[in-house]
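Please show me the sequence and the model, so that we can go through the fold by question and answer.

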Amino acid sequence: MKLRCFLLLFCVALLASCSPKDPKDPKFVVASVNGAKITRAELTTGVSDMAQRFGAKPDMLTPEQKEMLDWQMVNELVSEKLVSTVTSKVKDPAIAKRVDEEFNKIKASAGTEVEFKDKLTKAGFTEVKLRGEMTKQFSMEALVEKESAKDLALEPDAAAKFYAAHPESFNQKEMVMARHILVLAQEGTPKDQI
């Protein structure tokens, strides 16, 4: 019994010592989503990418700006983990085909291979990262479409039933409305004769 308690305490102490306590440690967990951990390293990389997108360098930011970017990036990373969890369950071969088609369109519109890679680099992307983002986006669209189709599905005769139940909604009095009346007149005809 004492041996079990000792082993249990030892394991707890070992696990506690494994997770870094220093918030600046790259392995420090800044957030956790459904068991997926977001580390300081991920946060730092994300903040650098975000700053680059805005044309700034992380080391030039004020402490207030850095804190604001940290919070925005934590929120973005949490959302990204949630989306990744949901979209990873979408298995549709049409998505991979669509990613390939759209990727090739983007690549072709960029010009040469060198120009394409330069544009990717300036945007903070690699080909793999771009494909990954496109896959997530298209998977989310497919998921939303699938879920909303369930809610929006109507019975084949739903319109006829609605019409039969609400005929007064479809009755309108006759009306005439004219915005412009055009009359063909010859040049020089006085206005009172038109």
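Q: In which sense do strand β1 and strand β2 pair?
A: This is a predicted model, in which local features need pLDDT of at least 70 and side-chain atom pairs count only at pLDDT 80 or more, while totals for chains, interfaces and linings use all residues. Residues are numbered from 1 along each chain as its sequence is written, and side-chain values use heavy atoms, with hydrogens and water left out. Strands (E, at least two residues) and helices (H or I, at least four) are DSSP runs numbered from the N terminus, and two strands pair if DSSP finds at least two bridges between them. Strand β1 covers residues 29-33 and strand β2 covers residues 36-39, and over 4 bridges they pair in the sense called antiparallel.

Q: Which residue in the hairpin of β1 and β2 takes a positive phi?
A: Valine 33 stands opposite alanine 36 in β2, and the hairpin has 2 residues between the strands. Most residues other than glycine have a negative phi. In the loop between β1 and β2, however, there is a residue that is not a glycine and still has a positive phi of about 50°, namely asparagine 34.

Q: How far apart in space are lysine 37 and lysine 81, C-alpha to C-alpha?
A: Lysine 37 lies in strand β2 and, at 52% relative accessibility, counts as exposed. Leaving aside neighbours within four places in sequence, lysine 37 is in contact (heavy atoms within 4.5 Å) with Val29, Ala31, Ser32, Glu42 and Lys81. Along the sequence lysine 37 and lysine 81 are 44 residues apart, whereas in space their C-alpha atoms are separated by 9.0 Å.

Q: In what order do the elements of the protein chain run from the N terminus on?
A: The protein chain has 7 helices and 2 strands. Read from the N terminus on, these elements run α-β-β-α-α-α-α-α-α.

Q: Why are α2 and α3 called roughly perpendicular, and what is the hand of their crossing?
A: Helix α2 (residues 40-53) and helix α3 (residues 63-87) pack with their axes 9 Å apart and at an angle of about 110°, where axes are lines fitted to C-alpha atoms, for helices over the stretch in contact, and angles run from 0 to 180 degrees between N-to-C directions. Angles of 65 to 115 degrees count as roughly perpendicular, those under 35 as roughly parallel, those over 145 as roughly antiparallel and the rest as oblique, and α2 and α3 are therefore roughly perpendicular to each other. A crossing is right-handed if the near helix is turned clockwise from the far one by less than a right angle and left-handed if anticlockwise. For α2 and α3 the crossing is right-handed.

Q: What separation do the C-alpha atoms of valine 47 and leucine 69 have?
A: Valine 47 is found in helix α2 and, at 2% relative accessibility, counts as buried. Apart from neighbours within four places in sequence, valine 47 is in contact with Lys66, Leu69, Asp70 and Met73. Valine 47 and leucine 69 are 22 residues apart along the chain, and their C-alpha atoms are separated by 6.2 Å.

Q: Which residues of α5 make the contact with α4?
A: Helix α4 (residues 93-110) and helix α5 (residues 113-122) pack at an angle of about 110° with their axes 8 Å apart, and they are therefore roughly perpendicular to each other. From α4 the contact takes in Phe103, Ile106, Lys107 and Ala110, and from α5 it takes in Glu113, Glu115, Phe116 and Lys119.

Q: By what distance are the C-alpha atoms of isoleucine 95 and alanine 142 separated?
A: Isoleucine 95 is found in helix α4 and is buried, with a relative accessible area of 8%. Not counting residues up to four places away in sequence, isoleucine 95 touches Val90, Thr135, Phe138, Ser139 and Ala142. Isoleucine 95 and alanine 142 are 47 residues apart along the chain, and their C-alpha atoms are separated by 8.3 Å.

Terms used. Buried means under 20% relative accessible area, exposed over 50%, partly exposed in between (1.4 Å probe, protein chains only).
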